Amino acid sequence: MSRIEFLGVSHHFGERPVLHEVDLDLVEHRVGVVGANGSGKSTLARMINGLVTPSRGQVRVDGLDVAKHGREVRRTVGFVFTNPDNQIVMPTVAEDVAFTLRRRGLDKADAAERVAHALERFGLAQHADHPAHRLSGGQKQLLALAAVLVAEPAVVVADEPTTLLDARNARHIGEMLHGMPQQVIVITHHLELLDGFDRVIVMEHGRIVADDTPGAALGAYRSLLA
Ligand SMILES: Nc1ncnc2c1ncn2[C@@H]1O[C@H](COP(=O)(O)OP(=O)(O)OP(=O)(O)O)[C@@H](O)[C@H]1O
């Protein structure tokens, strides 16, 4: 597994403080992050691959300061957004999955094989040449995940990947995330997604208020919500 460290991380957007002195050392296979709306989860997640740079402190991935080595870190950390429409950039399903690989300079035959394998794995093979925007919401989320995973990142950060999905597709994406060999960091309001995870972090007002096994952490979170 990779090692993701937050060292004294604070953040503010303009005048608004969003994270306060966060210290974390994440080495587990599956880590969940929960918390009320606006508690700072997405900001925390985005710092892992440099989409947000902390106002103070440092985030490191395998010892590399994300603020200084963003490009290198993004080869290790794949990011799945809540809304797949923000992530789909090419006209067809296969082209979208191939896009990351093309940017990495893979030769055509090698890339085509990896794309075919990714589409197969995510049940999208029969849609390879279809327009990506015509897929259903669940299929789009699968496409977004396939497009990230085809590059074989060591870490996948997924920010509320099931929020837009119906229960069946949410379960499917949940199973995918759970079964992946990669280190997975999942931000979610769907607490059942975190069953069997190794560690769950609870955030409130930009602070970590619980950090434990899913049972204990989610118990603490439910008490907070009550
Ligand atoms: N780019 C931005 N500019 C200004 N404020 C922002 C920006 N992004 C987030 N915020 C603010 O930072 C705070 C934390 O937002 P964040 O998205 O990290 O929370 P969250 O826990 O992921 O919330 P949710 O569960 O609603 O997605 C919120 O008050 C939000 O309005």
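In helix 3 (residues 93-103), V93, D96, V97, F99 and T100 meet L143, A146 and A147 of helix 5, where contact is taken as C-beta atoms, placed from the backbone, lying within 7 Å. The model is predicted, and local features need pLDDT of at least 70, side-chain atom pairs count only at pLDDT 80 or more, and totals for chains, interfaces and linings use all residues. Residues are numbered from 1 along each chain as its sequence is written. Helices (H or I, at least four residues) and strands (E, at least two) are DSSP runs, numbered from the N terminus.

**Helix packing**

- Helix 3 and helix 5 pack at an angle of about 30°, and their axes are 7 Å apart, with axes being lines fitted to C-alpha atoms, for helices over the stretch in contact, and angles running from 0 to 180 degrees between N-to-C directions.
- That angle makes helix 3 roughly parallel to helix 5, a term for angles under 35 degrees.
- The crossing of helix 3 and helix 5 is right-handed, meaning that the near helix is turned clockwise from the far one by less than a right angle.
- Helix 5 also packs with helix 6 (residues 167-179), at an angle of about 15° and with the axes 10 Å apart, so these two helices are roughly parallel to each other, and their crossing is right-handed.
- On the helix 5 side G138, Q141 and L145 take part, meeting N169, H172, I173 and M176 of helix 6.

**Nonpolar core**

- The largest nonpolar core has 66 residues, of which V97, L145, A146 and I185 touch the most other members; such a core is a set of buried Ala, Val, Leu, Ile, Met, Phe, Trp, Tyr and Cys residues joined through C-beta atoms within 7 Å, where buried means that 20 or more other C-beta atoms lie within 10 Å of a residue's own.
- Helix 5 (residues 137-149) supplies the largest share of this core, eight residues.
- Leaving aside residues up to four places away in sequence, L145 touches V80, F122, I173 and M176.

- Four strands form an open sheet in the order 2-1-4-5 with antiparallel pairing, two strands being paired if DSSP finds at least two bridges between them.
- Strand 2 (16-26) and strand 5 (64-65) stand at the edges with a single partner strand each, so one side of each has no neighbour in the sheet.
- Strand 1 (residues 4-13) pairs with strand 2 in the antiparallel sense over seven bridges, and R16 in strand 2 is the bridge partner of F13.
- Helix 1 (residues 41-48) lies across strand 1, strand 2 and strand 4 (56-61), and runs at about 55° to strand 2.

Notes
Two residues are in contact if their C-beta atoms, placed from the backbone, lie within 7 Å. A residue is buried if 20 or more other C-beta atoms lie within 10 Å of its own, exposed if 12 or fewer, and partly exposed in between; C-beta atoms are placed from the backbone. Angles under 35 degrees count as roughly parallel, over 145 as roughly antiparallel, 65 to 115 as roughly perpendicular and the rest as oblique.
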